[in-house]
Amino acid sequence: MGTEWQQDPALLNVIDIEATCWDGQPPPRAVGEIIEIGLTVVDLRAAERVARHRILVRPVRSTVSAFCTELTGLTQAEVDTGLPFADACRLLASEHRAGQRAWASWGDYDRNQFTRQCRDTGTSYPFGRRHTNAKIPFTAAHGLRKRPGMAQALQVAGLPLEGRHHSGADDAWNIAALILDVSARGAWPTADPARPALPWPAAP
């Protein structure tokens, strides 16, 4: 697809990450690191999901536990083929216009993990500031009292869970469907086109 499609202000990046995790406390000196970035591009004007991407990321301060493999399906051998974290962030910025497009995730975990890992590794934060926690407009659109998890939200909306839960690529795809549900109800927040996203300050 051409540059015009890439720059369309109606496009939204939907992000879901998986990170190294453990059943209980992490091993000594190990920290949770991003090992998969799922990205689905939503065209809010056309009301459809138009692209789907998966970026594997190689951890350097932790390893994939058996618990993590059971949860996400990812193995150490698989993530060993991934990109270094800094390269993954550069790819988000260069190929997926992460600094210019608005983006969304289900909850704030993904945004907070990127912020923390970029800070800890001296990596430039790849996203702009137009982030939406999709749980909030979904909860309001459906008149719920509590913010649901993704799987519960799909049930509320009458949508199928496509693929594997806790696969970053599949979860981003499903979250995108929930965002389209909210948008169809006229409840998705729209950005002011006169106020472009500001880049996050580069890490020192």
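Reader: Fine. What kind of model is this?
Author: This is a predicted model: local features need pLDDT of at least 70, side-chain atom pairs count only at pLDDT 80 or more, and totals for chains, interfaces and linings use all residues. Residues are numbered from 1 along each chain as its sequence is written, and side-chain values use heavy atoms, with hydrogens and water left out.

Reader: How do the axes of α4 and α5 cross?
Author: They cross at roughly 125° and come within 11 Å. The two helices are therefore oblique to each other. Angles under 35 degrees count as roughly parallel, over 145 as roughly antiparallel, 65 to 115 as roughly perpendicular, and the rest as oblique.

Reader: Which residues meet there?
Author: From α4, F85, C89 and L92; from α5, F114, Q117, C118 and T121. Contact means heavy atoms within 4.5 Å.

Reader: Which residues of α4 are buried?
Author: F85, A88, C89 and L92, in a helix that spans residues 85-95. Seen down the axis of α4, these buried residues fall within an arc of 100°, so they line one face of the helix. The arc is that of the directions from the helix axis to the C-beta atoms. Buried is under 20% relative accessible area, exposed over 50%, partly exposed in between (1.4 Å probe, protein chains only).

Reader: What covers the buried residues of α4?
Author: The cover includes β2 (34-43), β3 (48-56) and α5 (109-121). On the other side of α4, R90 and S94 are exposed.

Reader: And just after α4?
Author: R97 takes a positive phi of about 50° there.

Reader: Switching topic. Is S105 buried or exposed?
Author: Buried, with a relative accessible area of 0%. S105 lies in strand β4 (residues 102-105).

Reader: Which side chain does S105 join in a polar contact?
Author: That of H131, at 2.8 Å. A polar contact is a pair of N or O atoms within 3.5 Å; within protein, one must be able to donate a hydrogen and the other to accept it, and residues adjacent in sequence count only if both atoms are side-chain atoms. Leaving aside neighbours within four places in sequence, S105 is also in contact with I15, D110, T132, N133 and A134, among others.

Reader: Last one. How many helices and strands?
Author: 8 helices and 5 strands.

Terms used
Helices (H or I, at least four residues) and strands (E, at least two) are DSSP runs, numbered from the N terminus. Axes are lines fitted to C-alpha atoms, for helices over the stretch in contact, and angles run from 0 to 180 degrees between N-to-C directions.
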